Protein chains: 2
Amino acid sequence: MSEAASSVVVQKYGGSSVSTAEKIRTIAKKICDRARSGHRVVVTVSAMGDSTDELIALANDVTGPRTSPSLREMDTLLSTGELVSSTLMAMAIHSLDQDAVSLSGQQAGIRTNAIHGSARIASIDTARILRELDSGRVVIVAGFQGLDETGDVTTLGRGASDTTAVALAAALSAERCEIYTDVDGIYTTDPRIVPGARKLQEIGYEEMLEMASLGAKMNPRSIELAAVYGVPVLVASTFDDVPGTLIHGGEPTMELRRAVTGIAIDRNVVKIIVRGVEDRPGVAAGILQPLADAGISVDVIVQNTSDDGTTDFTFTVGEADGQRALDLVKRQQDVAFRDATDGGELAKVSIVGTGMQNGPGYAATMFSALAGAGVNIDMITTSEIRITCIVSREDVTAAASALHDAFELDRAE
Amino acid sequence: MSEAASSVVVQKYGGSSVSTAEKIRTIAKKICDRARSGHRVVVTVSAMGDSTDELIALANDVTGPRTSPSLREMDTLLSTGELVSSTLMAMAIHSLDQDAVSLSGQQAGIRTNAIHGSARIASIDTARILRELDSGRVVIVAGFQGLDETGDVTTLGRGASDTTAVALAAALSAERCEIYTDVDGIYTTDPRIVPGARKLQEIGYEEMLEMASLGAKMNPRSIELAAVYGVPVLVASTFDDVPGTLIHGGEPTMELRRAVTGIAIDRNVVKIIVRGVEDRPGVAAGILQPLADAGISVDVIVQNTSDDGTTDFTFTVGEADGQRALDLVKRQQDVAFRDATDGGELAKVSIVGTGMQNGPGYAATMFSALAGAGVNIDMITTSEIRITCIVSREDVTAAASALHDAFELDRAE
């Protein structure tokens, strides 16, 4: 076997791809074909279909409404979902006369910190995986889980089987990491909102990270990890044999040189308005600190000075965190500010592209396109490769369509 | 806290006792009451309700009819059932403001040999369990599972959560092991067959082992283990607060001195008849060796010499193994014997009692009671504390009732 032929490929299959025995058998065949074509194949699987949600519901049932389930127990409970799918996948591969072995996160050498529910991978000891690969086996690793220093099972957070796959690819110096899912790639924008959305052949890590953080269906942490270790990531359809999208950090091809690569859409944004804030240094930071402590990400922040010497400031958070964020801020009312109110349900529409950092005029094009579509801009925030406008939720489709047209994203190079 | 008050109790709850969130909450309350009364409580749980059977069905679905699922993968798959029930139990206890922690077999220090599907416990390192108990926690151990030397998960066989519980009780020098289940104790015989069956207050290990091997609802290996380590075992109802049956090895009380303690019934017996066996040493043993190699227990064996210088022999196996046993024996047809046939569906009815070993006449009483009930005896086998008759399956009720009357088992001392 030539050196090139024996390179490692890491594949990841999401929960909807392994939701039935039939689907597991279909994927097993795909994996066998790949192994027989000369690759050393490592596969990560998510839990079957809705099984994680079912386990969470059970946990809430036994715990009752007064208390939340212990995160330590929840991690062991939820880790069983991936143990089930990974052992079933190994069995399905066996029945096709290909040797295979399933490994739990622990057996795969995945060590994490002890933050139950959102642990970070600290290290991967690849000894056992490599030994199994050397024995000619396909290795199926239970995604989403690891072991902390005390020997307790941890999980990496929802959607983190992507992270397991990319981390394994990095640790094994894999040729690439392939994420198979129920969409067939990364689109210029959400095709359900803008029918003209076009699938990208490739996208850079930074752009993908912006897109992922802004609602595209990938775990942002996995993209960060891929960028740090330079792991090429293919996002493709599990069951449709069509080309996917390659996320990489190599030399930009023609397509990557396009200034704006995609439009990210996030409908789940709420605004909180804090009025009558004392105008002295550190007050605003003090008001937001409890949110940071509670793990709530504050997104866009805008501050205006009022006539009376105090300032108002406005910020957005994800809708799921909205009520909790408002409650946390209100605890400081009357001490640090006059009042805090729910500013309503909004949405974020962003243009993303590495080309933007070297050229002017993108903001102007964006604003005039939105104005032309009759969309009012509530707030604006930018990064080096992104411009985000906060708009009212009912304007999302008009805004995304106008921007898709203005930056000619429907046209392939 | 006095020394007596802080002794360890090990409890085990079977699958039907933890089949719903509601039942888990009810048991959690029972466990908390026990912990608050001053005991150090270790609990072993089986998988919820039918979840093990559902996982087996899934495994067969992905594997297809041509092959059997790998035992190594099956063990990890099935071990998840007990991880689910043990973490849920810990959460339910937490919600009652009692500290608790779930431990997998591995975390509980249970090491086994590497016989997947029917592993034996090699050792238990109790360090972590003791540390958790010292911290004031109830410890919930996932039953049925352990870890072998290579770091792979093993299981101890169906019904082996009993074995986990007794082994933990032995390793922790527990005051006693309590097996909670959907029956409220050990009866003189199966109450569904003989309405006059009476619950025993106590039974000796040896008698219980015979009863368990002969169909009573306990894992025989757990009784062996209890006998070896002298662990008193209480079998009682999970949800009904009535006295159970204590299995122990202490001085026999009045009840234990009764000669015959119970009638064991096993309806699932089939007979295999091998005719025209060459009459030279070792031939019969040679015919049965493949069954032993396949893990099939041969029970009663009867041999008769025919007129033509060959012998016939007849043996019984459990019904589940019947077809496989016949197939294995038939492979040697024409070499070692003339023909082998299915001898039909039968049943075993046994009288069990330690008192029998010191007195004559029990066999005579048994045979005359069966004759009086018009029950024909097909085959007979005995041990020191047991006499077993093989009868036709339709005679089971008549046989058991006649024996229950003849040995006056309906009358308490």
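The model is predicted. Start with the contact. Chain A puts 29 residues into it, and chain B puts in 29 residues. Which elements of chain A give two or more residues to the side that touches chain B? They are α1 (21-36), α2 (51-63) and α3 (71-94) of chain A. Of these, α3(A) gives the most, with 12 residues. By residue type, the side of chain A that touches chain B divides into 13 nonpolar, 12 polar and 4 charged.

Next, the symmetry. Chain A superposes on chain B by a rotation of 179°, with 0.0 Å of shift along the axis. The RMSD of that superposition is 0.2 Å. The two copies are therefore related as by a two-fold rotation axis. Where does chain A come nearest to the axis, judged by C-alpha? At Thr80(A), whose C-alpha is 2.6 Å from the axis. Both copies use the same surface: of the contact residues of chain A, 100% recur in chain B.

Now take α2(A), one of the elements on the side of chain A that touches chain B. This helix has 13 residues. From its first C-alpha to its last, α2(A) reaches 18 Å, close to the 18 Å expected at 1.5 Å a residue. Its buried residues are Thr52(A), Leu55(A), Leu58(A), Ala59(A), Val62(A) and Thr63(A). Why do these residues lie on the same side of α2(A)? Because they cover an arc of only 125° around the helix axis. The other side of α2(A) carries Asp53(A) and Ala57(A), which are exposed.

What covers the buried residues of α2(A)? The cover includes elements from both chains. Chain A supplies α3. Chain B supplies α1 (21-36) and α3 (71-94). After α2(A) comes Gly64(A), with a positive phi near 80°.

Finally, turn to α7 of chain A, residues 220-229. Which of its residues are buried? They are Arg221(A), Ser222(A), Ile223(A), Leu225(A) and Ala226(A). Gly230(A) follows α7(A), and its phi is positive, near 65°. Gly64(A) likewise follows α2(A) with a positive phi.

Note on methods:
Residues numbered from 1 in each chain as written. Chains lettered and ligands numbered in written order. Predicted model: local features only at pLDDT ≥ 70, side-chain atom pairs only at ≥ 80, totals over all residues. Contact = placed C-beta atoms within 7 Å. Helix = DSSP H or I, 4+ residues; strand = E, 2+ residues; numbered from the N terminus. Nonpolar A, V, L, I, M, F, W, Y, C, P; charged D, E, K, R; others polar. Least-squares fit on C-alpha atoms with pLDDT ≥ 70 in both. Expected span 1.5 Å × (residues − 1). Buried ≥ 20, exposed ≤ 12 C-beta atoms within 10 Å, placed from the backbone. Arc of directions from axis to C-beta.
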